[in-house]
Amino acid sequence: MVKQGVRWAVAALGVAALGVVPIHALASGGGMSGGVGPGASMPSVDMPAYDPAVEYHKGIEALKAGKYRDADRDFANVLAVAPNNPRVLVLQGVAKGAGGDQKGAERVFEKALKMEPDNILALRESASTLVKLGQNDKAQAQLDILKKRLTACGDTCPDAADLKAAVSAVETAMTPPAAPAGAAPATDAPAAKTPASLLLGDPASGDRAYVQAVRLINEKRYADALVALRHASDVFGPHPDVLTYTGYTYRKMGDYGRAEYYYKQALKIAPNHVGATEYYGELMVERGDIAGARKMLAKLDTICSFGCVEQEDLRRWIENGPPAS
């Protein structure tokens, strides 16, 4: 059951009337760090004091200002604490490319795609960069992947808009600009420009996406929830609450490998995050790793010195197994 983290969202936005179920009402055990009650707040105004969030927002602002070297450095600082975050890798690649380092950009995009081969942003930006490097065959291969996914997706799947935008962006990059009458055809790729879609978002929109994700998880609409969580991550960067919910969602979809990856990311940034600790313990129970789950419970016993619901939920999972769906 997804619990306290989104209680903040409900309390802060007053959205109970909109049908958002408080986190403790969701199915099958879990928990998030943070307060509950009228004074609680959203990630945008209650960010934990950890460097990745600060550096992420500095990088976004630097990109907006055209300070590409600064952005590259800021995103590198994020990755030093939250390594292999595909979103941050894509943004770092954009910064490198916009600063003139196309080869460096492509190396970063390749790394992002190793982490998430289906990452739409990484495919789009990598293909556009390959065009600038004169590697149109590789760019075409990535465009074909995007087109195939768009065909399978249709107009109604959660990724439809992103896939359409990606296909359009790559096709535009692969189409040389028309030369004026009588002039020689242009041979240089157009100057790098940071895509506006990478820079959109504000704290309020991130909070709305965060609340929407919880509602969708309540409704077991996990693919849609991932889209909302992706937007929240675009705004807040590697925030441990968003990472934890992303892991939870993948876990409910049966993708335990990705779930573990996101739990580990959350715990690397916030080692005492009760939600990520409990969820990771639950994942271990589901995998049959009771010894590992007991280690997570022992950690919660230390963190929650006066007791917490996450601690008791994980104890029940270890003693009784996962609750019936």
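User: Which residue does D74 meet in a salt bridge, and is D74 buried or exposed?

Analyst: This is a predicted model, where local features need pLDDT of at least 70, side-chain atom pairs count only at pLDDT 80 or more, and totals for chains, interfaces and linings use all residues. Residues are numbered from 1 along each chain as its sequence is written, and side-chain values use heavy atoms, with hydrogens and water left out. A salt bridge here is a side-chain nitrogen of Lys or Arg within 4 Å of a carboxyl oxygen of Asp or Glu, and the N to O distance of 3.2 Å puts D74 in one with R73. With a relative accessible area of 2%, D74 is buried (under 20%; exposed is over 50%, partly exposed in between, with a 1.4 Å probe and protein chains only).

User: And R73, what does it count as?

Analyst: Its relative accessibility is 43%. That makes R73 partly exposed.

User: What is the N to O distance between E125 and R124, and what do the two count as?

Analyst: E125 has 9% relative accessibility, so it counts as buried. R124, at 8%, also counts as buried. Their side chains meet in a salt bridge, N to O, at 2.8 Å.

User: How many residues apart are K264 and E260 in helix α12?

Analyst: K264 forms a salt bridge with E260, the closest N and O atoms being 3.8 Å apart. K264 is partly exposed, at 48%. Helices are DSSP runs (H or I, at least four residues) numbered from the N terminus, and about one helical turn separates this pair in α12 because they are apart by four residues.

User: Which residues are linked with R149 in a network of salt bridges?

Analyst: The structure holds 23 salt bridges. In the network, R149 is linked with D159, D162 and R230.

User: How much space lies in the largest pocket, and which residues are closest to its centre?

Analyst: On a 1 Å grid over the protein atoms alone, a pocket is an open set of points where a 1.4 Å probe fits, with protein on both sides within 12 Å along at least five of seven lines. The volume is the space filled by probe spheres set on the points, which are joined across faces, edges and corners, and it comes to about 1000 Å³. Of the 40 lining residues (an atom within 4 Å of a point), the closest to the centre are D162, L226, V227, R230 and H231.

User: Which element gives the most to that lining?

Analyst: Elements giving two or more residues include α8 (160–174) and α10 (222–236). With ten residues, the top contributor is α10.
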